[in-house]
Amino acid sequence: MNATALPEQLAAEAPPGIPVVQALAAEKVYPNGTRALDPVDLSIRAGEFVTLLGPSGCGKSTLLKMVAGLLQPSYGRLRWWGGGFDEVRGEGRRLDFVFQDATLMPWARVDRNVRLPLDLAGVAPGAAQPRVDSALDLVGLKGFGRHYPRELSGGMQMRVSIARALVNEPDLLLMDEPFGALDEITRNRLDADLIRLWWARKLTVIFVTHSIYEAVFLSTRVVVMAARPGRVFREVVIDEPHPRTDAFRVTQSFARYCRELTELLMEASAAGDTSA
Amino acid sequence: MTPLARNPKFARIAAPLMVGVLVIVVWHALVTLLKVPQYLVPGPVSVARTLVTDWGLLSSSLLVTLKITFLAFACAVVLGTTIAFLFVQSRWIEVSFFPYAVLMQVTPVVAIAPLIIIWVKNPTIALTICATLVALFPIISNTTLGLRSVNPGLLSLFRMNRATRMQTLLRLRIPSALPYFFGGLRISSGLALIGAVVAEFVAGTGGTGAGLAYQILQAGFQLNIPRLFAALLLITVTGVLLFALMVWLSRLFLGTWHDSEMVQEG
């Protein structure tokens with residue numbers, strides 16, 4: 001699976017086509033009047049790796065949950081492949097979500113956990129098992145199928161969670177700070193594996209994080225968000241070749257992107273303070 | 001000897017056993033040294049002898065009490081889980097009926113037992129109803145709590161995968177509820193026994209259907225204190241065995257994955 005991919009330069013040069021997700025002035029106001037998210041216009045194309053970056057309270061998780069269909073926008077709307085949520089799901093489009101913690105079923109072995117989306121879709125166990133095995137193989141957990149989640153480290157549990165999201169070959173993968181609870185070394189390793197997977201499987205990913213380094217390392221595009229009220233502040237295209245490896249982390253351009261995003265975040269929080 | 005003493009499993013069994021032996025020895029010594037009369041405090045030897053000589057009487061009473069305990073416990077489990085499932089179907093059902101479940105719990109069984117005994121002719125059924133009332137609440141409240149204590153992330157995941165209500169119940173809610181359910185079982189099994197004994201005290205049914213409570217009452221009237229002690233001992237041992245059975249069941253079902261069963265190994 002390692003970078004055998006023939007780099008047909010994707011995303012930026014790819015023909016526009018229908019966006020995978022489009023937010024059209026989507027905003028979220030809670031019944032108690034809390035403004036979680038100002039109207040957002042955002043369009044994500046197939047093959048992109050888009051990161052939502054911002055401090056807590058900037059509405060990045062809210063936006064992701066709206067994309068996942070777990071939250072309804074208060075005003076405005078979202079389109080998936082140019083259609084409504086249920087409509088495109090009915091056509092067989094797949095969205096999968098990776099949460100902040102692994103959210104595994106503690107009573108089920110690893111392979112049963114990974115198989116869950118297939119079980120719920122009514123795939124026969126015999127047909128599901130090879131797909132489970134290959135998903136576990138993809139995340140580097142070959143041979144761990146018979147373990148219980150509690151027997152695995154936090155990083156490994158997160159890998160199981162990613163395998164579960166990949167088992168159904170998602171058209172769109174949503175990740176809500178998936179590595180936020182891990183130590184930095186483990187996080188870097190998982191980031192490197194994730195970007196390789198994204199490249200090899202031609203995934204479309206929306207990734208939420210508050211780590212600037214993670215955003216620069218992973219993304220084709222970073223959406224910088226600001227808090228109080230939550231809103232999209234700026235977008236930065238990370239114009240660096242793929243597949244990226246850890247060597248990218250020590251380059252001049254990596255540092256330059258990090259500085260640019262840091263400055264944008266400071267600017268965003270200053271702008272928030274004056275308007276508050 | 002030393003490695004055995006360091007073994008935590010051995011310690012868990014041996015330590016309480018040694019306390020028990022010590023208590024019996026001290027009890028025996030005090031009773032013989034102070035020449036305490038039989039009708040006040042019988043010694044352990046005399047209790048053991050009564051247990052053997054009166055075994056015919058006591059064992060049939062034990063069977064009666066056990067029968068009512070298990071009937072009541074089974075009713076409580078079936079009823080309790082059914083009610084809990086109804087409660088989690090809708091907030092309205094729970095809000096409307098939960099106060100009455102509490103009402104049932106806080107009403108002392110001795111206070112309503114006479115009524116039930118008047119209403120229900122068959123003494124076995126009457127006693128079973130009383131004991132069920134005592135044992136029911138922990139099952140309802142624990143199972144309801146368990147069915148609601150679902151990891152919200154997993155619930156979202158099920159929703160995103162368009163799981164049906166039945167799939168969510170079978171694959172998520174019921175397994176999540178199991179640890180709570182077994183917690184309820186432990187409390188409830190003991191309560192079923194207590195309920196069975198207390199109800200019989202109130203009912204005072206004698207004859208062929210006499211349980212251990214009746215033997216205690218009779219032995220008290222006749223100042224047959226060794227028999228009273230023997231009956232008491234049988235009730236206590238039954239309670240401990242019931243509890244152990246529940247612990248074993250819970251380990252059987254949760255042992256491989258649940259934290260509560262893991263830490264005990266340490």
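Domain bounds are here those of an automatic or database domain assignment, and in the predicted model described below such an assignment divides chain B into domain 1, residues 1-35, and domain 2, residues 41-265. Between the centres of domain 1 of chain B and domain 2 of chain B, taken over C-alpha atoms, there is a separation of 30 Å. The contact between these two domains involves five residues of domain 1 of chain B and four residues of domain 2 of chain B. On the side of domain 1 of chain B that touches domain 2 of chain B, three residues are nonpolar and two are polar, while no charged residues are found there.

As for its secondary structure, chain B contains twelve helices and zero strands, so that, by the assignment of helices and strands as DSSP runs, its elements read α-α-α-α-α-α-α-α-α-α-α-α from the N terminus on. Along the principal axes, the C-alpha atoms of chain B fill a box of roughly 75 × 60 × 25 Å. Chain B comprises 266 residues, of which 34% count as buried. When contacts in chain B between residues at least 6 apart in sequence are considered, 75% of them join residues at least 24 apart.

Within chain B, the packing of helix 9 (165-203) against helix 10 (residues 212-221) can be described in some detail. Two packed helices are described by the angle between their axes and the distance between the axes. In the present case the axes of helix 9 of chain B and helix 10 of chain B come within 8 Å and cross at roughly 50°, and helix 9 of chain B is therefore oblique to helix 10 of chain B. The crossing of helix 9 of chain B and helix 10 of chain B is, moreover, right-handed. From helix 9 of chain B, the residues V197(B), E200(B) and F201(B) take part, and they meet L212(B), A213(B), Y214(B) and L217(B) of helix 10 of chain B. Divided by class, the contact of helix 9 of chain B with helix 10 of chain B consists of six nonpolar residues and one charged residue, with no polar residues.

The two chains also touch each other, with 15 residues of chain B in contact with 16 residues of chain A. On the side of chain B that touches chain A, the elements giving two or more residues are helix 8 (152-160) and helix 9 (165-203) of chain B, and helix 8 of chain B gives the most, with seven residues. This side of chain B is made up of seven nonpolar residues, seven polar residues and one charged residue. In the loop between helix 8 and helix 9 of chain B lies R162(B), which has a positive phi of about 55° although it is not a glycine. R162(B) is partly exposed, because 13 other C-beta atoms lie within 10 Å.

Chain A is likewise described by a domain assignment, which gives domain 1 (21-93 + 172-275) and domain 2 (104-170). The centres of domain 1 of chain A and domain 2 of chain A, taken over C-alpha atoms, are separated by 25 Å, and their contact takes ten residues from domain 1 of chain A and seven residues from domain 2 of chain A. Strand 6 (172-176) and helix 6 (184-201) of chain A each supply at least two residues of the side of domain 1 of chain A that touches domain 2 of chain A. The largest share of that side, four residues, comes from helix 6 of chain A. By class, the side of domain 1 of chain A that touches domain 2 of chain A has eight nonpolar residues, one polar residue and one charged residue.

A cis peptide bond leads from R228(A) to P229(A), with omega near -10°, and P229(A) has its place in the loop between strand 8 (221-226) and strand 9 (231-237) of chain A. The peptide bond that joins H242(A) and P243(A) is also cis, with omega about -5°, and P243(A) lies in the loop between strand 9 and helix 8 (252-275) of chain A. In strand 1 (residues 21-29) of chain A, A25(A) has a phi near 50°, a positive value in a residue other than glycine. A25(A) counts as exposed because it has 12 C-beta neighbours inside 10 Å, the cut-off for an exposed residue being 12 or fewer.

How values were computed. Residues are numbered from 1 along each chain as its sequence is written. Chains are lettered from A and ligands numbered from 1 in the order in which they are written. This is a predicted model: local features need pLDDT of at least 70, side-chain atom pairs count only at pLDDT 80 or more; totals for chains, interfaces and linings use all residues. Ala, Val, Leu, Ile, Met, Phe, Trp, Tyr, Cys and Pro count as nonpolar, Asp, Glu, Lys and Arg as charged, and the others, Gly among them, as polar. Axes are lines fitted to C-alpha atoms, for helices over the stretch in contact, and angles run from 0 to 180 degrees between N-to-C directions. Angles under 35 degrees count as roughly parallel, over 145 as roughly antiparallel, 65 to 115 as roughly perpendicular and the rest as oblique. A crossing is left-handed if the near helix is turned anticlockwise from the far one by less than a right angle, and right-handed if clockwise. A residue is buried if 20 or more other C-beta atoms lie within 10 Å of its own, exposed if 12 or fewer, and partly exposed in between; C-beta atoms are placed from the backbone.
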